[in-house]
Amino acid sequence: MPRRSTRRFKKLRDEFFAEGKRLDADTSTRAESVCWICEQRIDYDAAPGTTDDSHELDHMIPVSVDDRLQEDPTNFRHSHRLCNLRRSNRAPVGAAGERVAAWW
């Protein structure tokens, strides 16, 4: 099945952006809102998908690999627009599982 832009997906995408913006605003949860590819902070003040540093919903398992996961929130990841474009449908470099705390 080809990728579809449904009302439900648009709603989920908007909710995911709002969640990232909320997480970023609180220093205790900010780490949960960074780009999952480069681990740098995302510009949540910019409208999603408008600049290289702005937020874009990325699918951990690309829709081109498994289109059933397009609207599955467990497959959503926060990313920069540019990081998502560069990654395309490849696995991100260095994504080998859970991250270890910086003090470790």
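**Salt bridges and a buried leucine**

The structure holds eight salt bridges. Keep in mind as you look around that this is a predicted model. Side chains of opposite charge can pair when their charged atoms come close.

Are the two partners buried or exposed? R8 is partly exposed, with a relative accessible area of 48%. E71, by contrast, is buried at 18%, because the cut-off for buried is under 20% relative accessible area.

You will find L12 in helix α1, which covers residues 7–25. Which residues does L12 touch, leaving aside those up to four places away in sequence? They are E71, P73 and F76. Along the chain, L12 and E71 are 59 residues apart, yet their C-alpha atoms are separated by 7.4 Å. L12 itself is buried, with a relative accessible area of 15%.

Staying in helix α1, have a look at K11 and E15. These two form a salt bridge whose closest N and O atoms are 2.7 Å apart. Both residues lie within the helix, four residues apart, which is about one turn. K11 counts as exposed at 51% relative accessibility, since exposed means over 50%. E15 is partly exposed, with a relative accessible area of 39%.

Now move along to D52, which forms a salt bridge with R81, the closest N and O atoms being 3.3 Å apart. D52 lies in the loop between α1 and β1, and R81 in helix α2 (residues 81–87), so the pair ties together parts that are 29 residues apart in sequence. D52 counts as partly exposed, at 37% relative accessibility. R81 counts as partly exposed too, with a value of 26%.

One last stop brings us to a group of charged residues. Which residues are linked in a network of salt bridges? Here D24, R30 and R41 are joined in such a network.

Conventions
Residues numbered from 1 in each chain as written. Predicted model: local features only at pLDDT ≥ 70, side-chain atom pairs only at ≥ 80, totals over all residues. Heavy atoms only, no water. Helix = DSSP H or I, 4+ residues; strand = E, 2+ residues; numbered from the N terminus. Buried < 20%, exposed > 50% of the residue type's maximum accessible area, 1.4 Å probe, protein only. Contact = heavy atoms within 4.5 Å. Salt bridge = Lys/Arg side-chain N within 4 Å of Asp/Glu carboxyl O.
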